[in-house]
Amino acid sequence: MKNILIFIFSLLPCLSIFATEARQNRGLIAFVNGNDVQVEWRMRASDDPTQTQYLLYIDGKLYGTFRSKTTVRVSKSRYENSVFSLVVKDKDGKEIDRQNDVKAWGSPCLDIPMTAPVIKGKADTAIVRYEPSDASAYDMDGDGEQEIIIKWASSWAGKDAVAADRHQFVDCYKLNGKLLWRIDFGQNGIEGNNFNFEVSDFDGDGKGEMIVKTAPGCKDGLGNYVGKGLKGYPDDLEKTYKRGSDGGPVSGEEWVTCFDGTTGKELATRQYWPYFSIQTNWDNRPNHEDGQNYGRRGNGFKSAVIRIPCRDGQVRPCCYLQRGIYTYVYATAISWDGKNLVEEWRYGSTATNSSFTENATGKHTQTISLMSQGAHQGQAGDLDGDGYDEVMIGAAAIDHDGTVLWSTGLGHGDAEGVGEFNLDNPGLEAWRITEVSTKYDACMMDGKTGEVMNGQLYTKGDVGRGVIMDLDSTSAGSEYWFMTDGGKMYDQNGKVLYSYSRGNGTGYPSFRIFWDGDLLDEHFDGDKVSKFDLASHSWVRSTFYRKTDGKNLFYKRYSVFSINSTKKNACLQCDLLGDFREELVMPARAQDLKRTDCDYVLRVITTTFDTDKKLPWLRDDYLYNLQISNQNVGYSMPPHLSYNAYAWYKSLPAMGKDEIGKKSTGIDRVSTDASASETWYDLSGRRVAKPRTPGVYVRNGKKVVIK
């Protein structure tokens, strides 16, 4: 097994990859949770996991010093209206960080009101309807807090609407509800599933930028047309380009633009490559036309953030842009140095056994092509362990310099993942399901070589859904399951662990998530979180409060709905706030919340479970960070870590002791997960083992006299 302890040290340089994340605050939050106020904060990757001290202050007074965990519960009756602050010190007592003056939310969710875009027809009535869609998160203005960047999904609302009326809009919201900017991508932009955006600190100035494909007619966050000086500006700013029968644009100028993260202002725009007309027919099957009369395969776009060496000698995050999924695959990497958008390399699959790469060292022809190997999302990561990032496009991978890293030839599929899935195999692994007739329904591949390590043989048709996650502490690494698995759960080596039951409406294998605090993955699908029960080998719905009240579905508890039709996604799953557990960002209709000041409310929902475990902030892990950047791309995929959380925690030496409950009067407690066994405290608030000595103690929050 790999030495997981290396992770403690290997994460430190990763903080410099995304400079904005390095400047982040401690994510301190507090919220009312039943009879308690639950308080959480971040452990950072640079913290000593066993000795860093977290000093929690309530109303200016030291409540306790914690080393073993980053989640605490305190009495609601005493602290509901209090102000919470955190001071972080190293093992020698030197202050290294702080966050002040946080007040408790009234519930476990934070609400962001949203006003939908409006496009009106000739009769001055709305002809397009908008709902919140896929999102990402990043510190766009450099203030140490994440913002939510979200696109709107359009649908027909008026009989006189046409495809060009369905503009794509992207908003950027602060967590306090302030709208930083809205960008209108105009009448010639792509919209929907194939509209991708990437956010990162591309130039290293401590603030985020957004890089995205644009076209004439796009207006930036200040309301100005983008593309000044390029072909198509200003002649085509009001012109509507030809669209195919599927509604996507099939002609005209195509650009790529970098937008300022604070204002949405255009920073630079350049011509986009690969352009639509690079292929006259995007469907390479005989007698299949996919040109300007249709155009779906030519409008299949994917993107990612990758850290690569650039032409100027610097290593920085760049925007990977890809056109083509089912047949031809073309890709490029674009960097932003603060002044210019620079094309770092190009890749193109020209035939089934030929492709080319153009990079800083020239043009290279390759005898392997990535034709028909694409999926509905790309997963970026350092697949070969060279310190730079590659992109697993589905059944193949492109190296950091634009050359082919490997190709399995297994064809298109709908779901994939990159992470630390097999603890016996050095480096990262890639996992995927397939859609076409091929050798496997699902398989795990070595990230460096693409070699299939294990797989489940092909049965029939489109597998549709699948997920890999660590759900069993008794089995090393991750387990996987998928739609055609016949009710069997597979271990990291592809062997059947046991047969399982979907239980109480678990739903499709979709997203893994940290939710209940035991360092194993739970499962999220649409409106529920489910836990795998090792005793019954079945899925059981988790409850969101400690008391079971039947409202253990998100739409019942929070009046929210899922997005992307049958995919039933949240807008975003991400470790946004608090401890290492992940938040779900989901929309609610204003009328369902009896609000009249907005059209929708974006609800940032956090778990109500307690935990005595801790992990570094998940976004300090470079791989997780990359996968949050492109979660909005195509079919949303769950984010994975570059290490196994359960194995990492088990490898830690003993934690430093907590010092809790130092109060002059009264009895308070620091409670634990309700599913745990009895918890005992002495009258000073210090947690103790079940007492054998006579005296007065606090058991599960109640005073007990031991005689």
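Tutor: Asn287 is exposed, with a relative accessible area of 84%, where exposed means over 50%, buried means under 20% and partly exposed covers the range in between, with a 1.4 Å probe and protein chains only. The model is a predicted one, in which local features need pLDDT of at least 70 and side-chain atom pairs count only at pLDDT 80 or more, while totals for chains, interfaces and linings use all residues. Residues are numbered from 1 along each chain as its sequence is written, and side-chain values use heavy atoms, with hydrogens and water left out.

Asn287 sits in the loop between strand 17 and strand 18; helices (H or I, at least four residues) and strands (E, at least two) are DSSP runs numbered from the N terminus. The phi of Asn287 is near 65 degrees, a positive value in a residue other than glycine. Most residues other than glycine have a negative phi, and most peptide bonds are trans. The loop between strand 17 (266-271) and strand 18 (301-309) also holds Pro274, and the peptide bond that leads from Trp273 to Pro274 is cis, with omega near 10 degrees.

The bond from Tyr233 to Pro234 is cis, with omega near 5 degrees, and Pro234 belongs to the loop between strand 15 and strand 16 (255-260). Ser559, in the loop between helix 4 (554-558) and strand 40 (572-574), has a positive phi near 60 degrees, and its relative accessibility of 26% is why Ser559 counts as partly exposed.

The charged pairs come next. Asp283 and Arg285 meet through their side chains in a salt bridge at 2.7 Å, N to O, a salt bridge being a side-chain nitrogen of Lys or Arg within 4 Å of a carboxyl oxygen of Asp or Glu. Asp283 counts as buried because its relative accessibility is 4%, whereas Arg285, at 41%, counts as partly exposed. Elsewhere, salt bridges with shared partners join Asp141, Asp143, Glu147 and Lys174 into one network. By this rule the count comes to 29 salt bridges.

One of them pairs Asp97 with Arg26, whose closest N and O atoms are 2.8 Å apart. This pair links distant parts of the chain, with Asp97 in strand 7 (residues 95-103) and Arg26 in the loop between helix 2 (19-22) and strand 1 (29-33), 71 residues apart. Asp97 is partly exposed at 23% relative accessibility, and Arg26 is buried at 3%. In another salt bridge the side chains of Asp171 and Arg182 meet at 2.7 Å, N to O. Asp171 lies in strand 12 (residues 169-173) and Arg182 in strand 13 (residues 179-184), so this pair ties together parts that are 11 residues apart in sequence. Here Asp171 is buried at 0%, while Arg182 is partly exposed at 24%.

Asp201 is placed in the loop between strand 14 (197-200) and strand 15 (209-214), where its side chain reaches the backbone nitrogen of Asp205 at 3.1 Å. A polar atom of the Asp201 side chain also lies 2.9 Å from the backbone nitrogen of Gly206.

Gln51 shows a link across the sequence. It is found in the loop between strand 2 (36-40) and strand 3 (53-58), and the C-alpha atoms of Gln51 and Lys657, which are 606 residues apart along the chain, are separated by 8.8 Å. Leaving aside neighbours within four places in sequence, Gln51 is in contact (heavy atoms within 4.5 Å) with Arg67, Asp90, Lys91 and Gly656.

Finally, the cysteines: a search of the whole structure finds 0 disulfides, a disulfide being a pair of cysteine sulfur atoms within 2.5 Å. Cys319 is in no disulfide, with the nearest cysteine sulfur, that of Cys318, 8.7 Å away. Cys319 is buried, with a relative accessible area of 0%.

Definitions and conventions. A polar contact is a pair of N or O atoms within 3.5 Å; within protein, one must be able to donate a hydrogen and the other to accept it, and residues adjacent in sequence count only if both atoms are side-chain atoms.
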